[in-house]
Amino acid sequence: MMLLHRRLKGRVGTGARSIGRARRRSAAALVTVTACVATLASAPAGADGAGRPAYLDARAPVAQRVQDLLRRMTLKEKAGQMDQIAVARIQGDCEWSGGALNEACMKTVLDDYAAGSVLSGGGMGPRKNTPADWARMVNSVQKYAVEKSRLHIPVLYGVDAVHGHNNVLGATVFPHQIGLGATWDPGTVRDSGAATARAVAATGIDWNFSPVADLARDQRWGRYYETYGEDPLLAGTLAAAAVRGTENARGAKKVAATVKHFAGYSEPSNGHDRVPADVSVRYLQDTLLAPYRSAVEAGARTVMVNSGAVNGVPATSSRYLLTKVLRDQWDFKGVAVTDWEDIRALQTKYKIAADYPEAIALAVNAGIDMAMEPYFAKDFTEGLMTAVRRGLVEEKRIDEAVGRILRLKFELGLFEDPYVDPGEADEAVLGADRELARKAATESQVLLRNEDGTLPVPASAKKIVVAGSYADDIDSQAGGWTIGWQRVPEGVELPGTTVLEGIRAAAPKGTDVVYAAAADEAAEQARTADLTVVVVGEKAAAEGEADSPRPELSAGQQALVKSLKASGKPVVVVVLAGRPLALGDAAGTEGLLMSWLPGTEGGHAVADVLFGAANPSGRLPVSWPKKTGNEPMYYQQLPGTNGGAESSYDAAYAFGAGLSYTSYAFDSLGLARSSVRAGEPVRLKVTVSNTGRRDGDLVVPVHVSRPSSDVLAPARKLVAFTKVRLKAGQSKTIALTVPARVLAVTPGDIDGAGAPRVERGAYVFTAGGRTAELTVR
């Protein structure tokens, strides 16, 4: 979501930590919707036994409540429900200044034009950035909407809580999605989503714009780190887990998840954010759509639409994506919302609409229910009404969209209890779920090199040098979308543990930890060290600012590592980044640990792995290029008559790579049946063993390959996976199922005109070095 173009002022304060979460609710702090609708009690049609409008009867079926409310609404009120306005438009001078809520502007947005939703984009918070103040701000917005609008309809309040409640100072910041992808653990992702939902709910917010179900396939793209990885099965499974965690969390109120950015957002043709994509129909159907579908089928209540264009058509105006695929094929019943100002972009950027009402008509007719048109409530409402008068949009379509929005509000319980108790917010948010965040960050650590058993750090090490500015940089460790949109704003101190602090806390008594910030000092200190840990990475950023045409370690950091290698003492490189970085002269060290953007508990997580308190179990969710220039890179590259060097899949570290402090064996792979009919699932069993001396967690991936196929198939494709805990010397047999849909491909010629199906013929399944052959008949 493209958010603040100007930094808001005077909103960031400090918050104290607390050790628990209170569960009591203060009834005095709550105002019910029913108390605000006495003027409607006399309406006989659609009223309950007490004379109240039927839509206020919590016992009535949701569909009945929706229809009763719809019939009471004017066209203007319906149009308002379809608009989402940034909270900055009702704060301060209402021109992005931030500050206290402005009642005059609230009247325009929430009463005169009855906006259905408000959002806090990156950096848009209350004047004092505490959970309690967030709760008071959101309550005030809700209270105005409920008490002042004619029909007293509460708003949906949205926020980008993409790695914890990351806008709120003092909230625990979880690893970004790319790190969670490296866990290969749906349970950890589900729990992280639930923890985030609880924190969000405690501040009054009921709509989280997460998870991202896009695929990471081009390291240049600025939002690469917001994905779960390059593989559609891995990304879809984890996105589905995040949806379940978010929507089933028990908090102060229910929270809706959002699957984004539907669809094909991560395929910009030149690697820069929001550049149009040009992809084949087969690639779109078989690869790009798969993770979104898994997340939608997990029960997501909302979907956010891709800002970009696909095959010459903006996604916001694509009836194929928003109606044929999302509604007709996937049976999605929830709310489809645009990204930031994307309807206006149909006119101003894409130039496929002559004016704003025509742009609105294109989007609404394609399948958009709510427009994130954050600047002017009047413009969207009047624009949609103009489109109706021109005959461009039917009121029946508007009723459909508004009905979905109202149903979401009823399902979230907003008509019964739209508020939260600010007195409980600080205790529910500040420092909450730190142990879970540490666990998630630890599971995300991927050990890629460990020459001569350099790690874990031996107890005999008496001097450890820590080098590199990133070693003590909590802001870069947290990444983009933290307190502010791009990064932690200047002057704000983010609570958390840096890698340096984590190492100092974990080092055994008697071990001297020396931090050398300057390159010359680090090289000098390394000569007398038992081990040097050098922390490198990239600065935090979001969206287009995070684009990297050359995703590689900076020349200065390469030179630093090279000088440390020259000391002749072991060097371990720790990378804090949202994507694999070509290492250049920093390659070839004794140790290499990819830590991603691990959040506020990341320093402890890194130290836990370095010192052996945790056995590394993370595996790469993406491919790591040897050098720049080979983007996009992903392991499912199709075969060809390639002739040039590096033109085939040629990674420094392949998708799924990762080391452990113990050893494992894949003992057997067996199929339940040697042949199945097309369309049937494949059931198999894998036996694995821990052959080492330490307990550990093993990722068990199963791939498939085709000896021959009607359309091109990659050399291998992930079709099932799990993660299993194995004690030293223990063996386990795991049952896995491969749904038929995972094996399906779009048949036919270059036009990809057919529906996906499972080809008949031979399939070879692989787990570790074990194989099993299957015939699909």
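**Entry 1: second largest pocket**

I looked up which element gives the most to the lining of the second largest pocket, and found helix 8, with four residues. The model I am reading is a predicted one. I noted about 680 Å³ of space in the second largest pocket. I then listed the lining: 29 residues, with Arg-282, Thr-287, Leu-638, Leu-712 and Pro-714 closest to the centre of this pocket. Helix 8, strand 22 (696-705) and helix 21 are the elements that give two or more residues to this lining. By type, I sorted the lining of the second largest pocket into 16 nonpolar, six polar and seven charged residues.

**Entry 2: largest pocket**

How much space lies in the largest pocket? I wrote down about 1,000 Å³. The lining of the largest pocket is made of 41 residues, and nearest its centre lie Ala-290, Arg-293, Ser-294, Arg-741 and Val-742. Several elements each supply at least two residues of the lining of the largest pocket, among them helix 9 (319-329), strand 23 (717-726), strand 24 (731-738) and helix 21 (740-743). I sorted the lining of the largest pocket into 23 nonpolar, nine polar and nine charged residues.

**Entry 3: cavities**

Rolling a probe the size of a water molecule over the atoms shows where empty space is left. I counted six cavities of 30 Å³ or more. The largest cavity has a volume of about 150 Å³. I found 19 residues in its lining, and Val-162, Ser-192, Gly-193, Thr-196 and Ser-210 lie nearest the centre of this cavity. Helix 5 (177-183), helix 6 (186-202) and helix 7 (232-247) are the elements that give two or more residues to the lining of the largest cavity. Which element gives the largest share of that lining? Helix 6 does, with five residues. Charged or not, I asked of the lining of the largest cavity, and noted 10 nonpolar residues, nine polar and no charged.

**Entry 4: aromatic pairs**

How many aromatic pairs does the structure hold? I have 14 in my list. I looked up two of them in detail.

Trp-221 and Tyr-265 form an edge-to-face pair, with 5.3 Å from centre to centre and 90° between the planes. Trp-221 sits in the loop between strand 4 (207-208) and helix 7, and Tyr-265 in the loop between strand 5 (258-262) and helix 8 (281-297), so this pair ties together parts that are 44 residues apart in sequence. Are Trp-221 and Tyr-265 buried or exposed? I noted Trp-221 as buried, and Tyr-265 as buried too.

Trp-340 and Tyr-375 form an edge-to-face pair as well, at 5.9 Å centre to centre and 75° between the planes. I located Trp-340 in the loop between strand 9 (335-337) and helix 10 (342-348), and Tyr-375 in the loop between strand 10 (371-372) and helix 12 (377-389); they are 35 residues apart and link distant parts of the chain. Both Trp-340 and Tyr-375 are buried. I also noted that Trp-340 and Tyr-375 belong to one aromatic cluster with Trp-96 and Phe-376.

**Entry 5: charges over rings**

I looked up where an arginine sits over a ring, and wrote down two cases. The charged end of Arg-344 sits over the ring of Tyr-356, at 4.0 Å from the ring centre. The charged end of Arg-706 sits over the ring of Tyr-763, at 4.0 Å from the centre of that ring.

**Entry 6: strands**

Strands of a sheet pair through backbone hydrogen bonds, either parallel or antiparallel. In what order do the five strands of the open sheet stand? I read the order as 4-3-2-1-10, with parallel pairing. Strand 4 and strand 10 are the edge strands, and each pairs on one side only.

Within this sheet I followed strand 2 (residues 117-120), which runs parallel to strand 3 (residues 156-159) and is joined to strand 3 by four bridges. Val-118 stands opposite Tyr-157 in strand 3.

Last, I went to strand 5, which is mostly covered, with five of its five residues buried. Strand 5 runs parallel to strand 6 (residues 302-305), and three bridges join the two. I looked up the bridge partner of Thr-258 in strand 6 and found Thr-302.

Definitions and conventions: Residues numbered from 1 in each chain as written. Predicted model: local features only at pLDDT ≥ 70, side-chain atom pairs only at ≥ 80, totals over all residues. Heavy atoms only, no water. 1 Å grid on protein atoms, 1.4 Å probe; cavity = no way out; pocket = protein on both sides within 12 Å on 5 of 7 lines; lining within 4 Å. Points joined across faces, edges and corners; volume = space filled by probe spheres on them. Nonpolar A, V, L, I, M, F, W, Y, C, P; charged D, E, K, R; others polar. Phe/Tyr/Trp six-rings, centres within 6.5 Å; stacked < 30°, edge-to-face > 60°. Buried < 20%, exposed > 50% of the residue type's maximum accessible area, 1.4 Å probe, protein only. Lys NZ or Arg CZ within 6 Å of the ring centre and 35° of its normal. Pairing = 2+ DSSP bridges.
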